[in-house]
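Please walk through this model with me, from the overall fold down to single side chains.

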Amino acid sequence: LPAIEKLESIQSFSKPIEKLFCVVQAAREIWKCVQNFNKKEEGQEEMTLGGDDLLPIFCYIVAHSSANYLHSESAFIVDFIEDSELMGENGYALATLQISLKVLVPDDTNINESENENESENENE
């Protein structure tokens, strides 16, 4: 899939803006794919792709991508890119990547913290 290829190309770039462009291109490829799938027929409205529609598709793309270290790549982009570059489509695409990563690889620190709290409470009883 072109969207997977675009996302996987993130590893071949070193500048944060180039890496961000890969994420944006992946999101655009998803949109194009959905538009091609739902080709507008006469009398039929063009399908819009909202955030609720994009997230599961983006999760699929991330899950099937062979790109390594996407968490680190997204953190690198956020840490080293100009804030003005994260407006509009760029910021939306990056946020979608970050949320997709959270969905696919949940942060277990909250789980560990609550387990530790429960253990402390049990010891105090």
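The paragraphs below go from the whole chain to one helix, then to salt bridges and the surface.

This is a predicted model: local features need pLDDT of at least 70, side-chain atom pairs count only at pLDDT 80 or more, and totals for chains, interfaces and linings use all residues. Residues are numbered from 1 along each chain as its sequence is written, and side-chain values use heavy atoms, with hydrogens and water left out.

Start with the fold. The chain has 6 helices and 0 strands. Helices here are DSSP runs of H or I with at least four residues, strands are runs of E with at least two, and both are numbered from the N terminus. The order of elements is α-α-α-α-α-α. Of the 125 residues, 29% are buried. Buried means under 20% relative accessible area, exposed means over 50%, and partly exposed lies in between (1.4 Å probe, protein chains only). The chain exposes about 8,500 Å², with carbon and sulfur atoms supplying 51% of it. Areas come from the Shrake-Rupley method with a 1.4 Å probe; for residues, only the protein chains shown count as cover. Take the contacts (heavy atoms within 4.5 Å) between residues at least 6 apart in sequence: 71% join residues at least 24 apart.

Now take helix 3, residues 51-64. Its 14 residues should span 20 Å at 1.5 Å a residue, and its end C-alpha atoms are 20 Å apart, which agrees. The expected span is 1.5 Å times one less than the number of residues. Which residues of helix 3 are buried? They are Leu-54, Phe-58, Cys-59, Ile-61 and Val-62. These residues cover an arc of only 165° around the axis, so they sit on the same side of helix 3. The arc is that of the directions from the helix axis to the C-beta atoms. The buried residues pack against helix 1 (2-8), helix 2 (16-37), helix 4 (70-80) and helix 5.

Phe-58 shows this packing in detail. Its relative accessible area is 0%, so Phe-58 is buried. Beyond neighbours within four places in sequence, Phe-58 contacts Val-23, Ala-26, Ala-27, Ile-30, Thr-96, Leu-97 and Ser-100. Its C-alpha atom is 9.4 Å from that of Ile-99, 41 residues away along the chain.

Next, the charges. The whole structure holds 3 salt bridges, each a side-chain nitrogen of Lys or Arg within 4 Å of a carboxyl oxygen of Asp or Glu. Lys-19 and Glu-73 meet at 2.7 Å, N to O. This pair links helix 2 to helix 4, 54 residues apart. Lys-19 is buried at 5% relative accessibility, and Glu-73 is buried at 12%. Arg-28 bridges to Glu-89, with the closest N and O atoms 2.8 Å apart. That pair joins helix 2 to helix 5 across 61 residues. Arg-28 is partly exposed at 32%, and Glu-89 is partly exposed at 41%. Lys-32 and Glu-29 meet at 3.2 Å, N to O. They are 3 residues apart in helix 2, so about one helical turn separates them.

Finish at the surface. Tyr-69 lies in the loop between helix 3 and helix 4. Its phi is positive, about 60°, although Tyr-69 is not a glycine. At 65% relative accessibility, Tyr-69 is exposed. Elsewhere, Val-105 occupies the loop between helix 5 (88-104) and helix 6 (109-124). Val-105 is partly exposed at 47%.
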